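Visitor: Please walk me through this structure. I would like to know what the words mean as we go.

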Amino acid sequence: MIWKWLGALLLFPVQMVYLVVKAAVCAVLPPKLRDLAGDNVLITGGGRGIGRHLAREFAKRGARKIILWGRTEKCLKETTEEIRMMGTECHYFICDVGNREEVYRQAKAVREKVIVTSHLHFLQVGDITILVNNAAVVHGKSLMDSDDDALLKSQHINTLGQFWTTKAFLPRMLELQNGHIVCLNSVLALSAIPGAIDYCTSKASSFAFMESLTLGLLDCPGVNATTVLPFHTSTEMFQGMRIRFPNLFPPLKPETVARRTVEAVQMNQAFLLLPWTMHVLVILKSILPQAALEEIHKFSGSYTCMNTFKGRT
């Protein structure tokens, strides 16, 4: 037994070096990308913002079918028509992911729905093989200024909604040994700011959910997970948010986030920070004292960036 443990102890650093070298080589050499031709993709919050760009990107890269979930039918209908114009089959369902019963009911409807075309052909939506948890809300207020119902809404949609959607679709992915769970998170999950306490808290919870899920899928062949943590993105959701040096740290374009997200899915990348400079933030948080981090927040303007917030809640 002692020799067994000693052997494992000696082998461990060798494995670490091998994995680091492998990752470095993969970063340089072009990776083999997942073919999306057989995938049915479901995107929550798919009617607008990053969700709409994700639908475009998956369609552009050859996804078989795209299913959109959201709360605003007008936006869902517009995006659905746009994706169909691109030549990809697309359907939408009205669904509030913060409502558990509604998620389970609509998930069943997606699996069982039969589409009747203009030529009287019957098409079934079928199994979802890529689930993109993108739906989110932000209220942009301090704790004491936040309405209790608004705080609950953020947690239900941004965090618990992922529990319900994943529970609804993951079992079939495991049966098929084919699936991918994607989470559009935020760098605010790793470094919170004042004035968005509901959003930061929910995203931190969501990040922990995805970390645990990713590890839990290690022994599940064919089923993987990707978590994307972008910096401030220029959508109406965070309209009015201002940092001190916008030229140095410009907001990301939603189409860039969408493109990099789909690429991460195709490369089976577990975690993606956007832009790459956000890795520096993670390192600084782990080595600097709290007082120094507070000064960074004040200097960069993130301490007051939500004071001008006018985004969509």
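This is a predicted model: local features need pLDDT of at least 70, side-chain atom pairs count only at pLDDT 80 or more; totals for chains, interfaces and linings use all residues.

Visitor: What makes a space a cavity?

Guide: On a 1 Å grid over the protein atoms alone, a cavity is a set of points where a 1.4 Å probe fits but cannot get out. Grid points are joined across faces, edges and corners, and the volume is the space filled by probe spheres set on the points. Searching the whole structure gives 2 cavities of 30 Å³ or more.

Visitor: Which residues line the largest cavity?

Guide: Lining residues have an atom within 4 Å of a point. There are 13 of them here, and N133, N134, A135, I157 and Q162 lie nearest the centre. The largest share, 5 residues, comes from α5. Both α5 and β7 (179-184) supply at least two residues each. Such names follow DSSP runs, numbered from the N terminus: helices are H or I with at least four residues, strands are E with at least two.

Visitor: How do the residues of that lining divide?

Guide: They divide into 5 nonpolar, 7 polar and 1 charged. Ala, Val, Leu, Ile, Met, Phe, Trp, Tyr, Cys and Pro count as nonpolar; Asp, Glu, Lys and Arg count as charged; the others, Gly among them, count as polar.

Visitor: What lines the second largest cavity?

Guide: R111, D127, I128, A168, F169 and R172 do. By class, that lining has 3 nonpolar, no polar and 3 charged residues. Its volume is about 40 Å³. Again α5 gives the largest share of this lining, 3 residues.

Visitor: Why are α5 and α6 called roughly parallel?

Guide: Look at the angle between helix α5 (residues 148-176) and helix α6 (residues 197-216): their axes cross at roughly 20° and come within 7 Å. Axes are lines fitted to C-alpha atoms, for helices over the stretch in contact, and angles run from 0 to 180 degrees between N-to-C directions. Under 35 degrees counts as roughly parallel, over 145 as roughly antiparallel, 65 to 115 as roughly perpendicular, and the rest as oblique. Therefore α5 and α6 are roughly parallel to each other.

Visitor: What is the handedness of the crossing of α5 and α6?

Guide: α5 passes α6 in a right-handed crossing.

Visitor: Which residues of α5 and α6 meet?

Guide: Contact means heavy atoms within 4.5 Å. Among those that meet are L151, F163 and L170 in α5, with Y199, F209 and L213 in α6. The contact of α5 with α6 divides into 7 nonpolar, 10 polar and 1 charged.

Visitor: Why is α4 roughly parallel to α5?

Guide: Helix α4 (residues 100-112) and α5 pack at an angle of about 30°, with axes 9 Å apart. That makes α4 roughly parallel to α5. The crossing of α4 past α5 is right-handed. R100, V103, Y104, A107 and R111 in α4 meet W164, T165, K167, A168 and F169 in α5. This contact of α4 with α5 has 6 nonpolar, 1 polar and 3 charged residues.

Visitor: At what angle do α2 and α3 pack?

Guide: Helix α2 (residues 49-60) and helix α3 (residues 73-85) pack at about 20°, their axes 10 Å apart. They are therefore roughly parallel to each other.

Visitor: What about the backbone? Which residues does a cis peptide bond join?

Guide: L274 and P275, with omega of about -10°. P275 sits in the loop between β9 (271-274) and α8 (278-287). Q177 has a phi near 55°, a positive value in a residue other than glycine. Q177 lies in the loop between α5 and β7. Most residues other than glycine have a negative phi, and most peptide bonds are trans.

Key: Residues are numbered from 1 along each chain as its sequence is written. Side-chain values use heavy atoms; hydrogens and water are left out. A crossing is left-handed if the near helix is turned anticlockwise from the far one by less than a right angle, and right-handed if clockwise. On a 1 Å grid over the protein atoms alone, a cavity is a set of points where a 1.4 Å probe fits but cannot get out, and a pocket is an open set with protein on both sides within 12 Å along at least five of seven lines; lining residues have an atom within 4 Å of a point.
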